[in-house]
Amino acid sequence: MAVADRLVTGVDFVAVPTRDITAAAVFYGDTLGLVRSAYHPDRGFAEFETGNLTLSIINPAQMGMEHKIASNPIALHVDDIEAARATLEAAGVSFTGDTFDTGVCHMAFFADPDGNALMLHHRYAPRTAES
């Protein structure tokens with residue numbers, strides 16, 4: 001099927017819920033160092049760029065939705081997982097357990113101030129059909 005014939009042609013953003021858009025903007029912008037591309041606290045959202053996907057931090061209550069913590073982690077790519085982890089720990093971020101080695105990548109799990117699951121991720125082995 002040609003791209004022009006597909007119903008869905010990409011992912012524009014992933015929504016991450018917050019109850020405090022100001023605190024979330026500080027975390028995603030200052031602590032994680034992501035570039036903020038939009039900030040509209042009066043409308044309940046801010047957007048941050050990761051390089052290949054926009055994280056849209058939203059206040060669900062301002063949009064008529066129920067607030068639910070995102071429990072499936074968003075994998076944030078880093079080149080050096082231990083250096084990135086140390087930087088975040090120095091900034092007060094707590095990680096859940098040790099850095100996990102899957103045999104093809106390293107993962108370190110943590111959460112944003114609202115409890116939404118995040119992970120640092122670094123693939124060190126080539127992608128294959130089995131991985």
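**Notes on the sheet and the core**

1. Four strands form an open sheet with mixed pairing, in the order β5-β8-β7-β6. (Strands, E, at least two residues, and helices, H or I, at least four, are DSSP runs numbered from the N terminus; two strands pair if DSSP finds at least two bridges between them.) The edges are β5 and β6 (95-101), each of which pairs on one side only. From one strand to the next, the twist averages 25°.

2. Before going further, some ground rules: this is a predicted model, where local features need pLDDT of at least 70 and side-chain atom pairs count only at pLDDT 80 or more, while totals for chains, interfaces and linings use all residues. Residues are numbered from 1 along each chain as its sequence is written, and side-chain values use heavy atoms, with hydrogens and water left out.

3. How do the strands pair? β5 (residues 74-77) and β8 (residues 117-123) run in the parallel sense over 4 bridges, with Leu76 opposite Leu120 in β8. β6 and β7 are antiparallel, also over 4 bridges, and there Phe95 has Phe110 of β7 as its bridge partner.

4. Helix α2 packs on the sheet and touches β6, β7 and β8. Its direction makes about 175° with that of β6 (axes are lines fitted to C-alpha atoms, for helices over the stretch in contact, and angles run from 0 to 180 degrees between N-to-C directions).

5. Now the largest nonpolar core, which has 24 residues; Tyr28, Leu32, Ile57, Phe110, Leu118 and Leu120 have the most contacts inside it. (Such a core is a set of buried Ala, Val, Leu, Ile, Met, Phe, Trp, Tyr and Cys residues joined through side-chain atoms within 4.5 Å; buried means under 20% relative accessible area, exposed over 50%, partly exposed in between, with a 1.4 Å probe and protein chains only.) α1 gives the most, with 5 residues.

6. Leu32 sits in the loop between α1 (21-31) and β2 (35-40). Beyond its neighbours within four places in sequence, Leu32 is in contact (heavy atoms within 4.5 Å) with Phe27, Leu76, Leu88, Phe110 and Leu118. Leu32 and Ala91 are 59 residues apart in sequence, yet 9.5 Å apart in space, C-alpha to C-alpha.

7. Outside four places in sequence, its contacts include Ala75, His77, Cys105 and His106.
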